[in-house]
Amino acid sequence: MKVLIFPDAERADDHVAGLLCQEVAAKPSAVLGLATGGTMERVYARVVDRATAQGLSFRDVTSFNLDEYWRVPPHHPASYAFYMAERMFRPLDMDPGKCHLPDGLAPDPEDEAERYEAAIVAAGGLDLQLMGLGLNGHIGFNEPTSSFGSRTRIKTLAESTRTANRPYFDTSDAIPGFAITMGIQTILEARQCVLLATGSAKARAVAAMVEGPMAAICPASALQMHRCVTVVLDRAAASELALYDYYQSVHPDGAPARVP
Ligand code: GLP
């Protein structure tokens with residue numbers, strides 16, 4: 001794992017936005033795995049700014065989101081389809097035919113999961129999977145004890161996840177209890193993974209992911225098995241890492257490693 005610790009969240013967000021733009025500049029038809037959540041809102045705003053400033057086109061990009069709530073329609077402002085359209089797909093003029101999310105209204109979750117996996121394979125697999133980190137160590141909606149061999153499927157959301165997502169719903173809305181999410185194995189098959197976590201609330205999950213034993217109780221710890229993972233943090237999110245000084249010595253404030 002490459003662990004980059006930036007002095008603040010702004011610089012961490014900016015670094016991740018830069019990685020996404022670099023990927024698309026190098027391969028305009030890149031297949032991106034995208035994520036949602038509050039952390040990514042800031043990243044996508046920066047991607048849009050950078051792409052506009054650099055004249056970088058996302059028109060040929062194909063994207064697959066990690067997850068979608070089950071039975072929340074795409075026009076609902078809390079759905080991930082709505083979130084992505086607002087923050088990435090429309091501002092970057094992405095081709096709607098190439099932007100994929102699991103269909104939370106599909107008649108059958110198992111068929112939908114199979115269809116989604118097949119679509120990722122048909123697109124040639126994920127070049128870069130972007131991820132946030134749940135407070136409980138989830139990636140996508142792979143809640144603790146998700147199998148490391150899991151593929152796209154319907155998952156029951158943890159109570160802490162539902163509580164964390166409550167602010168995105170109206171008080172009159174029922175908070176969804178289920179979501180369709182890429183599996184951990186699906187994520188591990190991406191050619192490159194980038195995980196961003198900022199703020200002290202994530203510090204415990206970050207330490208478990210990077211330094212804890214690889215165990216299903218912290219789904220993100222499965223990333224320890226991936227050969228090309230970049231973990232991007234601010235100092236607060238990195239604060240519980242036992243080897244903090246080591247990571248800083250390799251990449252001071254997120255700078256590239258200097259090999260003599
Ligand atoms: C949701 C998403 C995850 C995301 C997590 C963290 O649960 N399904 O993919 O990583 O939120 O969100 P936030 O960035 O708001 O902390």
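Predicted model: local features only at pLDDT ≥ 70, side-chain atom pairs only at ≥ 80, totals over all residues.

Modeller: If you skip residues up to four places away in sequence, Gln248 touches Ile5, Arg235, Asp253 and Gly254. The residue has its place in helix 9, which runs over residues 244–250. Is Gln248 buried or exposed? Its relative accessible area is 15%, so it counts as buried, the cut-off being under 20%.

Now hop over to Ser63, in strand 3. Ser63 is buried too, because its relative accessibility comes out at 0%. Once the neighbours within four places are set aside, Ser63 still has contacts with Leu32, Leu34, Phe89, Met94, Lys98, Cys99 and His100. For a sense of spacing, take Val24: it sits 39 residues from Ser63 in sequence, and the two C-alpha atoms are 11 Å apart in space.

One of those partners of Ser63, Phe89, leads us to helix 3, where Phe89 is among the buried residues. Helix 3 covers residues 80–89 and is mostly covered itself, with seven of its ten residues buried. Besides Phe89, the buried set holds Tyr80, Ala81, Tyr83, Met84, Ala85 and Met88. A handy thing to remember when you turn a helix on screen: an α-helix has 3.6 residues a turn, so residues three or four places apart point the same way. And what do the buried residues of helix 3 pack against? There are strands on the list, namely strand 2 (31–34), strand 3 (62–65), strand 4 (67–69) and strand 5 (99–100), and there are helices as well, namely helix 2 (38–54) and helix 5 (159–165).

Last stop, the ligand. The space it takes up is the largest pocket. There are 13 residues around the ligand, and Gly38, Thr39, Asp67, His138 and Lys202 come nearest. Thr39 puts a polar side-chain atom 2.4 Å from one of the ligand's oxygen atoms. Asp67 also uses its side chain: an N or O atom there is 2.9 Å from a ligand nitrogen atom. Leu133 works from the backbone instead, with an N or O atom 3.3 Å from a ligand oxygen atom.

Technical notes:
Residues numbered from 1 in each chain as written. Heavy atoms only, no water. Helix = DSSP H or I, 4+ residues; strand = E, 2+ residues; numbered from the N terminus. Buried < 20%, exposed > 50% of the residue type's maximum accessible area, 1.4 Å probe, protein only. Contact = heavy atoms within 4.5 Å. Near = heavy atom within 4 Å. Polar contact = N/O pair within 3.5 Å; in protein donor to acceptor, adjacent residues only side chain to side chain. 1 Å grid on protein atoms, 1.4 Å probe; cavity = no way out; pocket = protein on both sides within 12 Å on 5 of 7 lines; lining within 4 Å. Sits in = over half its atoms within 2 Å of the grid points.
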